[in-house]
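Me: Can you walk me through this model? I'll ask as I go.
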Amino acid sequence: MIIVMKSHAAPKEIEDVVKRVEELGYKIHLSRGEARTIIGVIGADEHLIANSTFEVMDGVERTMRVMQPYKMASRDFSASDTVIEVGGVPIGCKRIVVMAGPCSVESREMILETAHLVKAAGATVLRGGAFKPRSSPYSFQGLGEEGLKYLAEAREQTGLPIITEVMSTDDVELVGEYTDIFQVGARNMQNYSLLKVLGKQRKPVFLKRGMSGTIQELLMSAEYILAGGNMQVMLCERGIRTYETATRNTFDINAIPVLKEQSHLPVVADPSHGTGMWQYVAPVAKAAVAAGADALMIEVHPNPARAWSDGAQSLTPERFAKLMADLRLIAAAVGREI
Ligand code: PEP
Ligand code: MN
């Protein structure tokens, strides 16, 4: 349930409503917009809603039930866009954040080299997988903790915050010792045990859409993390599985404006996994920026032909630098910056 305060309600009026909600045993999420404050009542049941007397309290304009199965992820819940701050980089603002790096951390030298190259081209977050969700058990599974150490060294050298995937509840603690952002991969979007554990963490979570997940299911998965108390969640469109076989996945461009409308959480586009082929990454990245994405995740490899995973969709550092230059023009055309 949501309590919408009158525009310019007095601080004392807001305080009284918050107190009343807390007396009833509910937690609140306060969202102070430019004009008005919205008080989200977490976990409010039918009984509270039916018997609510909030509307007669001073300063209250109206109360609303949130009809969607996701509440805290809903746009209704927060008047303003959520901004997530990672190592000095705000995600969800005018400036579009580019997270770039290899699919997998392959060696110390390789991640350090890539980190410097993507930073020089303008990326502000370094990506790299140390625990890899591979379709075949015989494919390279990632360097594990060794990879995390190399990522941390790359962060030290470049100042770029890092994002890396956590695949299992068993690894949350270990990955959390190194990473700035936890990535939840497409295959784990509905791993509710993992989402619940991440809801208890104090670091941002980057949640990828499952390959056959609907937008609503993505938002419900985000809700698991939010409901656990972690409000720092980003939503990522990374392509879905359709009948089309010309590309690895079908990037759902619609998801970007739909998510921006339905939720206050930052929206990220991953055109690398969304297309699976390097030559389509740049056009789809540009389309995603034009469609309103707050951030991009792009795979870059110093030598894609020799990549241990996802070489076909990885940009060379030169192609990445060219893309960054092109993206600046697109961003400016839609009132954003890169
Ligand atoms: C990745 O980011 O390398 C990855 C495995 O992505 P996804 O979960 O979207 O397949
Ligand atoms: Mn990959």
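Me: How do β13 and β14 pair, parallel or antiparallel?
Reply: Strand β13 (residues 267-269) pairs with strand β14 (residues 295-299) in the parallel sense, over 2 bridges. Bear in mind that this is a predicted model.
Me: Which residue in β14 is the bridge partner of A269?
Reply: A269 has L296 as its bridge partner in β14.
Me: And what holds paired strands together in general?
Reply: Strands of a sheet pair through backbone hydrogen bonds.
Me: What do the strands form, and in which order do they run?
Reply: A closed barrel of 8 strands, in the order β7-β8-β9-β10-β11-β12-β13-β14, with parallel pairing. From one strand to the next, the twist averages 25°.
Me: Which strands does α3 touch?
Reply: Helix α3 (residues 108-121) packs on the sheet and touches β7 (97-101) and β8 (125-127). The direction of α3 makes about 145° with that of β8.
Me: Switching to helices. At what angle do α7 and α8 cross?
Reply: Roughly 45°, with the axes of α7 (residues 215-227) and α8 (residues 255-262) coming within 11 Å.
Me: Left-handed or right-handed crossing?
Reply: α7 passes α8 in a right-handed crossing.
Me: Which residues meet there?
Reply: From α7, I215, L218 and L219; from α8, A255, V258, L259 and Q262. By class, the contact of α7 with α8 has 6 nonpolar residues, 1 polar and no charged ones.

Notes: Residues numbered from 1 in each chain as written. Chains lettered and ligands numbered in written order. Predicted model: local features only at pLDDT ≥ 70, side-chain atom pairs only at ≥ 80, totals over all residues. Heavy atoms only, no water. Axes fitted to C-alpha atoms, helices over the stretch in contact; angles between N-to-C directions. Helix = DSSP H or I, 4+ residues; strand = E, 2+ residues; numbered from the N terminus. Left-handed = near helix turned anticlockwise from the far one by under 90°. Contact = heavy atoms within 4.5 Å. Nonpolar A, V, L, I, M, F, W, Y, C, P; charged D, E, K, R; others polar. Pairing = 2+ DSSP bridges.
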